[in-house]
Amino acid sequence: MEAVPSAWNLANLLTVLRIALVPFFAWALLADGGHTTTGRLVATSLFVVAAATDRLDGWLARRSGQVTDLGKLLDPIADKVLIGSALVLLSWLGDLSWWITAVILVRELGITAMRFVLLRYVVLPASRGGKLKTVLQSVAIGLYLLPLDVLPQFVEVVAAVVMAAAVVVTVVTGLDYARAGLAIRRAVSQPGTAGQ
């Protein structure tokens, strides 16, 4: 019988660290009104470190054979806490339209709720499209976090283009997850499938 990896492993600890960095990131971003060059650079650095743990924790889990159900569940939640906080704060500061934040958060919270509903049947891991969505969102947010008022204007244009791509992929993958969730729900509600 194959040994079940411990949930308390380095990959999962990195995921928890990503969540723990969020308050420090928020404090740095909001310091002195949210528009100082130093505060923005510190916030951007913390965001980049936190976002980098997303790639690292998955790589470590696969490399060491320590992929766990807890990790599959915590990883997307950690992403949503980090991304959601950044989007809300950027909109609060007037740097990002609220409709963008609303579209992304509705999708993220909806899919998270669906994951919890399906949890008694299956742990729904992130898909390739979901991972691409997270990368696009992270890059776009990272660009918006920079002190754009002191950078060349093309950086703001690049940020807007990447964010537009992130919104499109967010919506498309959200619909794909919803379709997959409905298929799982239908499959488990068929007679004779209970307990399988």
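Me: Before we start on this one, what does "buried" mean for a residue?
Reply: Buried means under 20% relative accessible area. Keep in mind that this is a predicted model. Take F47: its relative accessible area is 1%, so F47 is buried.

Me: And F25, is that buried or exposed?
Reply: F25 has 1% relative accessibility, so F25 counts as buried too.

Me: Okay, now helices. How do I describe two that are packed?
Reply: You give the angle between their axes and the distance between the axes. Here, look at helix 5 (residues 128-145) and helix 6 (residues 153-189): their axes come within 8 Å and cross at roughly 155 degrees. Angles over 145 degrees count as roughly antiparallel, so that is the label for helix 5 against helix 6. Their crossing is left-handed.

Me: What classes of residue make up the contact of helix 5 with helix 6?
Reply: You'll find 17 nonpolar, five polar and one charged residues there. On the helix 5 side, the residues include L132, K133, L136 and Y144. Among those they meet in helix 6 are V155, M163, T170 and Y177.

Methods:
Residues are numbered from 1 along each chain as its sequence is written. This is a predicted model: local features need pLDDT of at least 70, side-chain atom pairs count only at pLDDT 80 or more; totals for chains, interfaces and linings use all residues. Side-chain values use heavy atoms; hydrogens and water are left out. Axes are lines fitted to C-alpha atoms, for helices over the stretch in contact, and angles run from 0 to 180 degrees between N-to-C directions. Helices (H or I, at least four residues) and strands (E, at least two) are DSSP runs, numbered from the N terminus. Angles under 35 degrees count as roughly parallel, over 145 as roughly antiparallel, 65 to 115 as roughly perpendicular and the rest as oblique. A crossing is left-handed if the near helix is turned anticlockwise from the far one by less than a right angle, and right-handed if clockwise. Contact means heavy atoms within 4.5 Å. Ala, Val, Leu, Ile, Met, Phe, Trp, Tyr, Cys and Pro count as nonpolar, Asp, Glu, Lys and Arg as charged, and the others, Gly among them, as polar. Buried means under 20% relative accessible area, exposed over 50%, partly exposed in between (1.4 Å probe, protein chains only).
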